[in-house]
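Have a look at the sequence and the model before reading on.

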Amino acid sequence: MRQKPFLQASNCGKYDITFSYWQECGRRGASWMKCALDDHCAADCVRIYMRKHAVRCAVWLRKEVHQLTCGDYARIHSGGKDGCIMLSKVADKQFIDKCME
């Protein structure tokens, strides 16, 4: 019996880390799935990913990096490096910013 093809676009772990997200954070840990399922490794991956894309986001939004909100970071997390300018992510940002008030 043939196995189903490995889906590298799927998400894994409590941070919903995709294979490409894991690659962009520097391939932390032993493997994508092991890192995504390990709280320490996954949190490190998210921090690295956010640092990598925060400057770009701040420039697009005409803010300083320290002015980015939780919603801005959520847009990066769910939308990738272009999440800050994706109109489809604006509702996510507004919901999260309202929740964080």
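Predicted model: local features only at pLDDT ≥ 70, side-chain atom pairs only at ≥ 80, totals over all residues.

Residues are numbered from 1 along each chain as its sequence is written, and side-chain values use heavy atoms, leaving out hydrogens and water.

**The overall pattern**
- Taking a disulfide as a pair of cysteine sulfur atoms within 2.5 Å, the count comes to three.
- Counting bonded cysteines along the chain, the pattern is 1-4, 2-3, 5-6.

**C25 and C45**
- These two form a disulfide with sulfur atoms 2.1 Å apart.
- C25 sits in the loop between helix 1 (19–24) and helix 2 (32–37) and C45 in helix 3 (residues 39–61), so the link ties together parts 20 residues apart in sequence.
- Helices here are DSSP runs (H or I, at least four residues), numbered from the N terminus.
- The torsion about the S-S bond of C25 and C45 is about -100 degrees, so this disulfide is left-handed.

**C35 and C41**
- A disulfide joins C35 to C41, with 2.2 Å from S to S.

**C57 and C84**
- The sulfur atoms of C57 and C84 are 1.6 Å apart in their disulfide.
- C57 is in helix 3, and C84 is in the loop between helix 4 (70–79) and helix 5 (90–100).

**Other cysteines**
- C12 is in no disulfide, and the nearest cysteine sulfur, that of C35, is 9.4 Å away.
- C70 has 40% relative accessibility, so C70 counts as partly exposed.

Definitions and conventions: Helix = DSSP H or I, 4+ residues; strand = E, 2+ residues; numbered from the N terminus. Buried < 20%, exposed > 50% of the residue type's maximum accessible area, 1.4 Å probe, protein only.
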